[in-house]
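I am opening a notebook on a structure that is new to me. My notes follow in the order in which I looked things up.

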Amino acid sequence: MKTVKQIFVAAIVFAFAIVCFAELPSDVLLAKYKEKIKHTPKERFEHALSEPMDPVHIIGGIYYIGSTTVSSFVINTGEGLVLVDAGTPMMFDAIKHNIESLGFQLSDIKYIISSHAHWDHVGGLANMQKQTAAKVVALGLDAESIASGKDTSAVSFLGLNWDPVPIDRVIKDRDSFTLGDVTIHAYDTPGHTKGCTTWTTTIREGEKDYKVAFLGGTSVNAGVKLLNNPLYPNIAEDYKKTFAVLASLSPDVYLAQHPFFFNLSGKLEQRKANPAVNPFVDPDEWTMFIQNDELKFLRQLDDEWRALSASKAVSK
């Protein structure tokens, strides 16, 4: 009989497979599905998350180099690269290929930062750090999680851990670091994980500067409770603080830890239709996304309060 954990992982695999392959022909989809069912649940999960794609120029020196489902970015600072998210272990070869296809080398990576300490974003970090000798910068409780190799978030019960990674610099909320002509700022935005980090920077393209934000994560994972959560007792309070912080930011370019969150595929179609306009520049998109995710959070919180009140009333 399957455990709750196995069922939960299988559901996640199925959901990601739908996102990854929704636009593929049915025969290709079937072939990929048959190939994946030969593996363990964790291997199927990693396969679903790690399908490679060609790199995408976002703006200025920023490029998307991740998979069809998990984001990874590089920022060219003029004096080396900053890697944003190392992705899954299986993504290493594709990230390396994409970096090299852009005319860079892995050795050009000088810093590695992460959106948050979940296996799909830091699972490949240990190997990436080993191959590049880059400095790993991380914030607060996520720095502890990355260093320990253990997920400490509200989905830690899944047991999706990673190889421990030594942290070269542990930073605090609103700290920053500079490489070349790029300064990167860190915002502590916990909830999705206990040290979830939103990174911001300013990038020049042409004669104009653009504010860019890399969202750490605002969604509430399936199966995560916001009330009476023993794995993360203050999760609801953290989410509330995070949404307030994010509402105070106003980037011109919004990027996120998964490409479907910032509609990467849709923007590529827009770019094909009108190459003269950069579809990634949209000052309203950030606000709309943050407000929408906050509304989802508040609805779940309200539902849980109602359910809790109802259970207390029945028990009287």
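I began with a sheet in this predicted model. I found 5 strands in an open sheet with mixed pairing, and their order reads β8-β9-β10-β11-β12. I then looked up the edges, which are held by β8 (176-179) and β12 (253-255). Each of these two has a single partner strand, so one side of each is left without a neighbour in the sheet. From one strand to the next, the twist averages 25 degrees.

Strands β10 (residues 197-205) and β11 (residues 208-214) run antiparallel, and 7 bridges join them. Within this pair I noted I203, which stands opposite Y210 in β11.

I turned to the nonpolar core. Which residues touch the most other members of the largest one? They are I62 and L255, in a core of 84 residues. Helix α8 (residues 235-247) gives this core its largest share, 6 residues. I noted a general point beside this: in soluble globular proteins, nonpolar side chains tend to be buried together.

I listed the contacts of I62, leaving aside its neighbours within four places in sequence. I62 is in contact with V56, H57, F73, V74, I75, I203, V212, F214 and L255.

Last, I looked up the whole protein. I counted 10 helices and 12 strands. Of its 316 residues, 50% count as buried. Among contacts between residues at least 6 apart in sequence, 65% join residues at least 24 apart.

Terms used
Residues are numbered from 1 along each chain as its sequence is written. This is a predicted model: local features need pLDDT of at least 70, side-chain atom pairs count only at pLDDT 80 or more; totals for chains, interfaces and linings use all residues. Side-chain values use heavy atoms; hydrogens and water are left out. Two strands pair if DSSP finds at least two bridges between them. Helices (H or I, at least four residues) and strands (E, at least two) are DSSP runs, numbered from the N terminus. Axes are lines fitted to C-alpha atoms, for helices over the stretch in contact, and angles run from 0 to 180 degrees between N-to-C directions. A nonpolar core is a set of buried Ala, Val, Leu, Ile, Met, Phe, Trp, Tyr and Cys residues joined through side-chain atoms within 4.5 Å. Buried means under 20% relative accessible area, exposed over 50%, partly exposed in between (1.4 Å probe, protein chains only). Contact means heavy atoms within 4.5 Å.
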